[in-house]
Amino acid sequence: MLRCTSVSDSSVMDPKEYQALQHYLNEYGQQIEFLGQQFQILEQGRFEAQASIETISGLSPAAETSVLLQIGSGVSVRAKILDPDKILIAIGADVVIEKTGADAIDYLNERITEMEASAKNVAGSIEKIRIQMNEISKRLEEVDANNPSGT
Amino acid sequence: MNSIPPKIQNQINMLQQIQQQLQNILHQKNQYEIAAKETRRATEEIEPVNEDTVIFMSVGTIMVQKKRDDVIKDLSDKAETLDLRIKSLEKQEKALQSRFEQLQGQIKLALEGKPPAE
């Protein structure tokens, strides 16, 4: 049993408080994991949008020749782009809209800006939680160090 | 350590069940809210374009070309349905939340050895 809490002594803690801090630590850990996944999704979306912009920009010269259309397992067929300035974009809710190349690039750039802003927010939240976790860990380590037997 | 009386244990089990139901409802509500937001956003994207703009909409496993106004109508209907589902889930959430708090109060009183104030 840990000694009873004394406000002035940081090395002692009520066992219930100790358990609560451990619980918070686990909760925060789970939150960081979840937010980390969100961050990855946003980053992936951003890279994908950038790759699409690069593709749209490179479509015009490709119209004069054939391109390779990947059909999976490393297999491709030759394909011809009928109109490189007609881009079809999925805008969500099972809707696809046709845009010109320039409009499609604008649309993707807007999405990139939004994803960057969201990623920044998520990173900020992760950082805040990490700071709180560090404080709790430090507090628990102090208590553990003064109660080496763990009793 | 004293063991928990069966009646209270039963109430605790019920509380856990309600909590699980609440989580399921919240998850479902969240999914519908995301879908509703996406639908509104798609509508906002389509509204300003010309009537002759090529738009496809998913029908089963294929994409079918549709007129702009028809797509807007479909999306508006979809958003309306989603809003109704969200409202229905909110009602369920409220009822469960109230049941949860009531049961929590009863358990607390029982553990403190006080009779429930009914």
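Colleague: Where in chain A is A:Asp94 found?
Modeller: Keep in mind that this is a predicted model. In it, A:Asp94 has a positive phi of about 60 degrees although it is not a glycine. As for its place in chain A, A:Asp94 sits in the loop between β3 and β4.

Colleague: Is A:Asp94 buried, partly exposed or exposed?
Modeller: Buried would need under 20% relative accessible area, and exposed would need over 50%. A:Asp94 has a relative accessible area of 48%, so the label is partly exposed.

Colleague: What is the phi of A:Ala93?
Modeller: A:Ala93 is also placed in the loop between β3 and β4 (95-99) of chain A. Most residues other than glycine have a negative phi. A:Ala93 is not a glycine, yet its phi is positive, at about 55 degrees.

Colleague: How many aromatic pairs does the structure hold over all chains?
Modeller: Rings pair if their centres lie within 6.5 Å. Counted over all chains, the number of aromatic pairs is one.

Colleague: Why is the pair of A:Tyr24 and A:Tyr28 called stacked?
Modeller: The two ring centres are 6.5 Å apart. Planes under 30 degrees apart count as stacked. The pair gets that label because the planes of A:Tyr24 and A:Tyr28 are at 25 degrees.

Colleague: In which helix are A:Tyr24 and A:Tyr28?
Modeller: A:Tyr24 and A:Tyr28 are four residues apart, so about one helical turn separates them. The helix they belong to, in chain A, covers residues 15-57 and is α1.

Colleague: Which residue has its charged end over the ring of A:Phe47?
Modeller: A charge sits over a ring only if the charged atom is within 6 Å of the ring centre and within 35 degrees of the ring normal. Here the charged end is 5.3 Å from the centre of the A:Phe47 ring. The residue it belongs to is A:Arg46.

Colleague: How far is A:Arg111 from the ring centre of A:Tyr107?
Modeller: A:Arg111 lies over the face of A:Tyr107. A:Arg111 also turns up among the residues nearest the centre of the largest pocket. From the ring centre of A:Tyr107, A:Arg111 is at 4.3 Å.

Colleague: How much space lies in the largest pocket?
Modeller: Its lining counts 25 residues, and those nearest its centre include A:Leu42, A:Glu114 and B:Arg41. Elements giving two or more residues to that lining are α1, β3 (87-92) and α3 (101-146) of chain A, together with α1 (6-46) of chain B. The space in the largest pocket is about 980 Å³.

Colleague: Which element gives the largest share of the lining of the largest pocket?
Modeller: That lining divides into 13 nonpolar, five polar and seven charged residues. The largest share is nine residues, and the element that gives them is α1(A).

Colleague: Which strand gives the most to the lining of the second largest pocket?
Modeller: The second largest pocket has a volume of about 170 Å³. Among the residues lining it are A:Val67, A:Leu68 and A:Leu69. By type, the lining divides into six nonpolar, one polar and one charged. The strand that gives the most, with three residues in chain A, is β1.

Colleague: Which side chain makes a polar contact with that of B:Glu45?
Modeller: B:Glu45 is part of helix α1 of chain B. At 18% relative accessibility, B:Glu45 counts as buried. The contact is 3.2 Å, and the side chain at its other end is that of A:Lys99.

Colleague: How far apart in space are B:Lys87 and B:Leu109?
Modeller: B:Lys87 lies in helix α2 (residues 68-111) of chain B, and B:Lys87 is exposed at a relative accessible area of 57%. In sequence, B:Lys87 and B:Leu109 are 22 residues apart. In space, C-alpha to C-alpha, the value is 33 Å.

Technical notes. Residues are numbered from 1 along each chain as its sequence is written. Chains are lettered from A and ligands numbered from 1 in the order in which they are written. This is a predicted model: local features need pLDDT of at least 70, side-chain atom pairs count only at pLDDT 80 or more; totals for chains, interfaces and linings use all residues. Side-chain values use heavy atoms; hydrogens and water are left out. Rings of Phe, Tyr and Trp (its six-membered ring) pair if their centres lie within 6.5 Å; planes under 30 degrees apart count as stacked, over 60 as edge-to-face and the rest as tilted. On a 1 Å grid over the protein atoms alone, a cavity is a set of points where a 1.4 Å probe fits but cannot get out, and a pocket is an open set with protein on both sides within 12 Å along at least five of seven lines; lining residues have an atom within 4 Å of a point. Grid points are joined across faces, edges and corners, and a volume is the space filled by probe spheres set on the points. Ala, Val, Leu, Ile, Met, Phe, Trp, Tyr, Cys and Pro count as nonpolar, Asp, Glu, Lys and Arg as charged, and the others, Gly among them, as polar. Buried means under 20% relative accessible area, exposed over 50%, partly exposed in between (1.4 Å probe, protein chains only). A polar contact is a pair of N or O atoms within 3.5 Å; within protein, one must be able to donate a hydrogen and the other to accept it, and residues adjacent in sequence count only if both atoms are side-chain atoms.
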